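Please look over the sequence and the model shown here, and then follow the sections below.

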Amino acid sequence: MTELVRQCCEKWDEDRCRLSSQVEGWGCRLMVCLPDTMPRTQRAKGQLFHKVYTYAEKCGVLECPHYRESIIDEVIDDPDRLAELVSMGRRTRTDLLSEDFDKSCI
Ligand code: SF4
């Protein structure tokens, strides 16, 4: 588990496992992996799943006991939730993590 995930996990509050107060995202505020476009085919959805899952694995989120990885599939299958993420545009990880986030964890 990475230090960032460990610290976040220690201060766990279910309501904070979201990208921001407005956007649920991938169900974890550390999951700042945003899609560029809406996937239109099953293949594109599969590629997006792979990208997001790999991100979660690399940043240690999959080791958090509060993370529910099935949310990745749920978001990919929900056009509204996915469009919300696409509309956030190309924002940096630092920008996203600084919103509603305890800066001591960055
Ligand atoms: S799921 Fe994400 S936001 Fe929630 S406690 Fe774990 S690391 Fe933190």
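## A residue and its contacts

Leaving aside its neighbours within four places in sequence, Ala56 is in contact with Met31, Val61, Leu62 and Glu69, where contact means that two C-beta atoms, placed from the backbone, lie within 7 Å. The structure is a predicted model, in which local features need pLDDT of at least 70 and side-chain atom pairs count only at pLDDT 80 or more, while totals for chains, interfaces and linings use all residues. Residues are numbered from 1 along each chain as its sequence is written.

Ala56 belongs to helix α2, helices being DSSP runs of H or I with at least four residues, strands being E runs of at least two, and both being numbered from the N terminus. Ala56 counts as buried because 23 other C-beta atoms lie within 10 Å; the cut-off for buried is 20 or more such atoms, with 12 or fewer for exposed and partly exposed in between. Although Ala56 and Glu69 are 13 residues apart along the chain, 8.7 Å separates their C-alpha atoms.

The chain has five helices and zero strands, and 23% of its 106 residues are buried. Among contacts between residues at least 6 apart in sequence, 66% join residues at least 24 apart.

Beyond four places in sequence, Met31 is in contact with Leu19, Gly25, Trp26, Tyr55, Ala56 and Val61.

## Around the ligand

The ligand is surrounded by 13 residues, the closest being Cys8, Cys17, Cys28, Cys64 and Tyr67; a residue is included if its C-beta atom, placed from the backbone, lies within 6 Å. By class, this shell has 10 nonpolar, one polar and two charged residues.

## Confidence in the model

The chain averages a pLDDT (the predictor's confidence in each residue, from 0 to 100) of 86, and 84% of the residues score at least 70. Over residues 100-106 pLDDT stays under 50, and the model has 10 contacts beyond four places in sequence for them. Where pLDDT is low, the predicted coordinates should not be read in detail.

Conventions: Ala, Val, Leu, Ile, Met, Phe, Trp, Tyr, Cys and Pro count as nonpolar, Asp, Glu, Lys and Arg as charged, and the others, Gly among them, as polar.
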